[in-house]
Amino acid sequence: MMMIVQVIGLTMQLLYCCLRFLLRKGVTLMDLNTSSPLCEKDTLSSSSTHSGFLVSINYKHTIETMRLISLPVTLSIALAAAIEPPEGHPWLAPGPNDYRGPCPMLNTLSNHQFLPHDGRNITKDTLISALSSALNFNESLGALMFDTAIIINPNATFFTLDQLNKHGILEHDASLSRSDAFFGNNHVFNETIFNETKLYWTGEILDANMLANGKVARQLSSKAFNPNYTFTSTVESFSLGEVSAPIIAFGDLEAVTVNRTLVEYFFENERFPTELGWSTRTESVTIDKILRLSQAIGNASNLITTSKAVVSTRRRDLHAGIY
Ligand code: HEM
Ligand SMILES: [Mg+2]
């Protein structure tokens, strides 16, 4: 009996450390200023709410105390992890053999296991279902996005996230958070590049103007310093979708704004900002809504100021499904 209790205690300790590791950024499960009990501290006491659950921990770093850890506490922690929104899709860091690519959203969908966690075998059905459950994209939008994406794996019924890395097909220069292929890795999040972009996010609530300015600045920087810089009108169409994507995922479609904190958290962690209060929007996202947002970003990208808003005449889609 004593053995069983000890095993539960040790399991609990391991679970606790894993949770702290997995949820270490912006997590409210417990006070992150307190270091890991497994490693250094003798005691840790903390309580906080997490998705409506009150988690209390009173922990002593001795086997004796582990025996006293109650099953309800163990269960409540496990439950809190299991129900971490998006419900049923806890975040899991990619492993060394998992593919990831230049798209922070597809990476996020894989990290939350809406898409295969290994980043492989992304079929049309899988993509439609992932975009619908996680972001409430309607089916025709999901299908359109797949049809656009599959050019990276012609004659196949699926693509993998690393196939997106190939420069000059879908991946392009002047990304918001990735380096140009000319300078090195074109698909892993790059803090220096993202800092360049964020310089132009001058408020807590990002609007079309700030998002557009960040992008235009990245284009100028690449154009100035990358001798292979390429930015065709097709790339521009893709980019307008990408720049408006944070609003589509986390923002206000009517106001064309998004909370900056949510966007930074998303880019930096490739994780849904549920810890910060975000949840999947209830109203479905359609191609029309995306076109409207891309147009707003296109208008805001124009460097000429006029008394009237600049009206774009081109039809644009997220990742250029339509021209
Ligand atoms: C089939 C679906 C999708 C495919 C194949 C795809 C592919 C890509 C690719 C290849 C890039 C890299 C472009 C570059 O060089 O910057 C990219 C960037 C991006 N994607 Fe996606 N994407 C998809 C869906 C989405 C969705 C649904 C969102 C969000 C609503 C999204 C948000 C973004 C953002 C914000 C970037 C810009 C990253 C940066 O500039 O650093 N993507 N995507
Ligand atoms: Mg790029």
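**Exercise 1: two helices crossing**

In this predicted model, work out which way helix 8 passes helix 11, and which residues make the contact.

*Solution.* 
Step 1. Start with the handedness: helix 8 crosses helix 11 in a right-handed sense.
Step 2. Helix 8 covers residues 208–225 and helix 11 covers residues 287–301; they pack at about 65°, and their axes lie 8 Å apart.
Step 3. Look for heavy atoms within 4.5 Å. On the helix 8 side you'll find Ala208, Asn209, Leu211, Ala212 and Val216, and they meet Ala296, Ile297, Ala300 and Ser301 of helix 11.
Step 4. Sort these contact residues by type: seven are nonpolar, two are polar and none is charged.

**Exercise 2: a helix on the inside**

Find out why helix 6 counts as largely enclosed by the rest of the structure.

*Solution.* 
Step 1. Pick out the residues with under 20% relative accessible area, since that is what buried means. In helix 6 they are Leu141, Gly142, Ala143, Leu144, Met145, Phe146, Thr148 and Ala149.
Step 2. Compare with the whole helix, residues 139–149: eight of its 11 residues are buried, so helix 6 is largely enclosed.
Step 3. Check what surrounds them. The buried residues of helix 6 pack against strand 3 (122–123), helix 5 (124–135), strand 4 (158–159), helix 9 (233–250) and helix 11.

**Exercise 3: a metal site**

Identify the residues that coordinate the magnesium ion (ligand 2).

*Solution.* 
Step 1. List the donors: Glu171 (OE), His172 (O) and Ser175 (OG), at 1.9 to 2.2 Å.
Step 2. Read their spacing along the sequence, which is E-H-x2-S.
Step 3. Check burial for His172 and Ser175: both are buried.

Definitions and conventions:
Residues are numbered from 1 along each chain as its sequence is written. Chains are lettered from A and ligands numbered from 1 in the order in which they are written. This is a predicted model: local features need pLDDT of at least 70, side-chain atom pairs count only at pLDDT 80 or more; totals for chains, interfaces and linings use all residues. Side-chain values use heavy atoms; hydrogens and water are left out. Axes are lines fitted to C-alpha atoms, for helices over the stretch in contact, and angles run from 0 to 180 degrees between N-to-C directions. Helices (H or I, at least four residues) and strands (E, at least two) are DSSP runs, numbered from the N terminus. A crossing is left-handed if the near helix is turned anticlockwise from the far one by less than a right angle, and right-handed if clockwise. Ala, Val, Leu, Ile, Met, Phe, Trp, Tyr, Cys and Pro count as nonpolar, Asp, Glu, Lys and Arg as charged, and the others, Gly among them, as polar. Buried means under 20% relative accessible area, exposed over 50%, partly exposed in between (1.4 Å probe, protein chains only). Donors are N, O and S atoms within 2.8 Å of the metal (3.2 Å for Na, K and Ca); water is not among the atoms, so sites may look incomplete.
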